[in-house]
Amino acid sequence: GISLLLDKVVKGKEFYRIGFFLPYVTSLYAVGVVWYIIFSPYASNALVKPNPDRPGGLINWIFAWLGIPMQRWLIDDSGVFKIMFDNGQNVDWVSAAVRLVIIAGLIAGGMALGRRVASSAGVWLGGLLFGIATVLGWSVLVELMHVFKWEKNGFFGGPSLAMVAIIIIACWHSLGFNIVIILAGLTSISRELYEAARIDGARGWAMLTKMTIPLLSPTLFFLLVVTTLSAFQVFILFFAVLPGGFSSGVKVLSLFYYDVTFQRGSQADNAGFGYASTIVVCMMVLLIAISTLQQTVLSKKVNYD
């Protein structure tokens with residue numbers, strides 16, 4: 001989506017490209033240290049000493065300003081669904097029903113404005129109504145999710161809060177690379193094809209799904225394969241963001257390998273370089289299997305014409 005927006009920018013395109021790509025070329029360890037401070041659940045003047053009463057990271061300061069409960073980022077192994085949806089309350093069906101009616105009215109009003117008001121003011125007002133409806137829809141979803149019993153550490157509790165924080169950092173760091181590659185793919189698409197599609201009546205969503213995405217399929221397929229391989233090799237980010245050690249909520253294969261090789265010691269039955277070598281071989285086999293599956297299934301959908 002960002003690539004499509006940048007592709008339409010006339011002035012300052014290079015500036016935006018550099019701005020988005022800069023995090024990717026920044027030292028990953030430096031990025032991890034900065035994000036560790038941003039997500040820090042400790043007091044701002046004592047980053048190395050846990051202080052549950054004074055969480056002091058930037059994200060928690062923003063949460064406190066918005067009235068949202070501050071979280072134990074990077075050290076909380078509780079499932080994110082448990083944190084978001086299970087607060088011990090029962091479902092208020094009347095409130096949920098009233099909000100659903102309001103949401104329906106906002107959506108209907110936004111659609112009516114989009115059809116009847118042709119100026120940009122109508123578009124902005126319609127977008128505002130849809131935005132309010134989205135916020136109310138999220139509140140209704142949270143209300144209805146109280147029906148279920150969410151596990152704290154199980155599969156149905158979702159990924160841990162610490163893992164979600166790592167995912168946010170990883171997406172922010174790798175976003176620039178994906179944007180630049182997709183922009184290169186968009187540049188290679190002939191503008192004459194778009195003009196011909198417009199003459200045939202293609203607009204908006206149809207142009208995106210029938211023209212842009214099929215012509216970008218080689219680029220998207222390349223990014224999928226490269227990103228999958230990179231995800232299995234991630235280590236420095238975890239090591240920099242979690243200097244105090246790796247909890248059970250953020251264990252991935254590369255961390256498991258490191259733990260077995262260097263931290264458990266030779267006294268454990270399942271430790272040492274022999275067991276670690278087995279893990280590496282299994283990772284290699286798994287990566288080959290996933291890459292082969294991607295090539296077999298998805299390569300048939302790639303359009304090279």
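pLDDT is the predictor's confidence in each residue, from 0 to 100. That score matters here, as this is a predicted model. Over residues 44–48, pLDDT stays under 50. The model still has seven contacts for residues 44–48 beyond four places in sequence. Where pLDDT is low, the predicted coordinates should not be read in detail.

Now take the protein as a whole. Its average pLDDT is 78, and 84% of the residues score at least 70. Helix α8, residues 161–188, has the highest confidence, at a mean of 87. Helix α9, residues 191–199, has the lowest, at 77.

Next comes the fold. The protein has 13 helices and zero strands. Along the sequence, the pattern is therefore α-α-α-α-α-α-α-α-α-α-α-α-α. Among contacts between residues at least 6 apart in sequence, 64% join residues at least 24 apart. Of the 305 residues, 32% count as buried.

The accessible surface comes to about 19,100 Å². Carbon and sulfur atoms account for 69% of that area. One nonpolar patch covers about 710 Å². Leu58, Trp61, Ile62, Trp65, Leu66 and Ile68 make this patch. Trp61 lies in helix α4, residues 58–66. Its relative accessible area is 54%, so Trp61 counts as exposed.

Last, the cysteines. A disulfide is a covalent bond between the sulfur atoms of two cysteines. The structure holds zero disulfides. Cys171 has a relative accessible area of 48%, so Cys171 is partly exposed. Cys282, at 49% relative accessibility, also counts as partly exposed.

Notes: Residues numbered from 1 in each chain as written. Predicted model: local features only at pLDDT ≥ 70, side-chain atom pairs only at ≥ 80, totals over all residues. Heavy atoms only, no water. Helix = DSSP H or I, 4+ residues; strand = E, 2+ residues; numbered from the N terminus. Contact = heavy atoms within 4.5 Å. Patch = residues over 30% accessible without salt bridge, like charges linked within 9 Å, V, L, I, M, F, W, Y side chains within 5 Å. Areas by Shrake-Rupley, 256 points an atom, 1.4 Å probe, with all protein chains shown as cover. Salt bridge = Lys/Arg side-chain N within 4 Å of Asp/Glu carboxyl O. Buried < 20%, exposed > 50% of the residue type's maximum accessible area, 1.4 Å probe, protein only. Disulfide = S-S within 2.5 Å.
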